[in-house]
Amino acid sequence: MNQQQKRTLTEYAKAHKVALLGSLRTGAGRGVEAKEANFNDVKDLLRLQGCNITDADVADAVTILKAQLGRELEVQKPPADNGAARKKLQLDADSSAVKKTIKNIDVRLDNDQLKHQHPTKPIGTRQKAGGNRFKDTCDAEWHKDNTLKHMADWAVGLGAMAEGTQTYHGQAVPVNGIHYEGFCLMAGGQKYVLFHCYPSDDSDLKL
């Protein structure tokens with residue numbers, strides 16, 4: 001970055017401090033994914049400011065942002081696949097045995113689904129307390145025909161995704177009486193969806 005670019009970024013950071021603190025993952029001890037996301041966000045910020053976007057420019061920008069925001073800002077350059085291989089390994093580790101390929105989307109319930117299942121219809125392995133549970137009619141095959149299908153349709157609607165990208169499905173608003181929490185990952189040119197779900201308080205599916 002030249003001196004003018006540094007001054008431009010400094011003034012921008014001063015004027016948009018609150019917004020930047022809300023969007024960047026500041027603070028020490030962040031994980032790899034947070035650091036890589038910060039690297040990409042800083043690159044996007046430089047691009048918007050009309051600055052260069054080499055690795056050295058990112059380092060200069062981080063120094064400026066840390067000074068203006070008064071917070072640690074850790075960055076790490078993502079691998080060539082944007083972390084797709086690493087994210088896929090984690091997805092595999094978090095997947096339950098309930099999975100199905102629908103419309104060319106690999107859709108899976110995650111291990112957190114266990115706490116939302118009827119005790120006689122377990123899915124997943126992660127022992128957690130709390131949360132609404134489905135009735136005993138909502139077994140693995142029911143999920144494949146219903147909740148997995150919904151998430152496959154959602155993933156298709158996302159359109160093209162860059163390698164290593166993860167897009168999240170918000171859980172706040174229920175869909176036909178079901179809250180969904182999960183994401184779609186693009187890895188190796190394939191879309192993978194990992195999620196868990198639970199019935200809303202007023203759903204007929206609630207235990």
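How do β3 and β4 pair, in the parallel or the antiparallel sense, and over how many bridges? They pair in the antiparallel sense, over four bridges. Here is a short tour of the predicted model around that pairing; its local features need pLDDT of at least 70, side-chain atom pairs count only at pLDDT 80 or more, and totals for chains, interfaces and linings use all residues. Residues are numbered from 1 along each chain as its sequence is written, and side-chain values use heavy atoms, with hydrogens and water left out.

**Overall layout**

- The protein chain has seven helices and five strands, where helices (H or I, at least four residues) and strands (E, at least two) are DSSP runs numbered from the N terminus.
- Along the sequence these elements follow the pattern α-α-α-α-α-β-β-α-α-β-β-β.
- The C-alpha trace spans about 65 × 35 × 30 Å along its principal axes.
- Of the 207 residues in the protein chain, 42% are buried; buried means under 20% relative accessible area, exposed over 50%, and partly exposed in between, with a 1.4 Å probe and protein chains only.

**The sheet**

- Five strands form an open sheet with mixed pairing, in the order β1-β2-β5-β4-β3; two strands pair if DSSP finds at least two bridges between them.
- As background, strands of a sheet pair through backbone hydrogen bonds, either parallel or antiparallel.
- At the edges are β1 (95-102) and β3, each of which pairs on one side only.
- Neighbouring strands of this sheet are turned by 20 degrees against each other on average, direction ignored; the axes are lines fitted to C-alpha atoms, for helices over the stretch in contact, and angles run from 0 to 180 degrees between N-to-C directions.
- Thr-167 stands opposite Cys-184 in β4.

**The largest pocket**

- The largest pocket has a volume of about 270 Å³. On a 1 Å grid over the protein atoms alone, a pocket is an open set of points with protein on both sides within 12 Å along at least five of seven lines, whereas a cavity is a set where a 1.4 Å probe fits but cannot get out.
- Grid points are joined across faces, edges and corners, and a volume is the space filled by probe spheres set on the points.
- Two or more lining residues come from each of α5 (84-94), β3 (166-169), β4 (178-187) and β5 (190-199), and α5 gives the most, with four residues.
- This lining divides into four nonpolar, four polar and seven charged residues. Ala, Val, Leu, Ile, Met, Phe, Trp, Tyr, Cys and Pro count as nonpolar, Asp, Glu, Lys and Arg as charged, and the others, Gly among them, as polar.

**The second largest pocket**

- About 230 Å³ of space lies in the second largest pocket, and its lining includes Glu-33, Asn-40, Lys-87, Gln-166 and Tyr-168.
- Both α3 (32-48) and β3 supply at least two lining residues, with the largest share, four residues, coming from α3.
- By class, this lining has two nonpolar, five polar and three charged residues.

**Cysteines**

- The structure holds zero disulfides, a disulfide being a pair of cysteine sulfur atoms within 2.5 Å.

How values were computed:
On a 1 Å grid over the protein atoms alone, a cavity is a set of points where a 1.4 Å probe fits but cannot get out, and a pocket is an open set with protein on both sides within 12 Å along at least five of seven lines; lining residues have an atom within 4 Å of a point.
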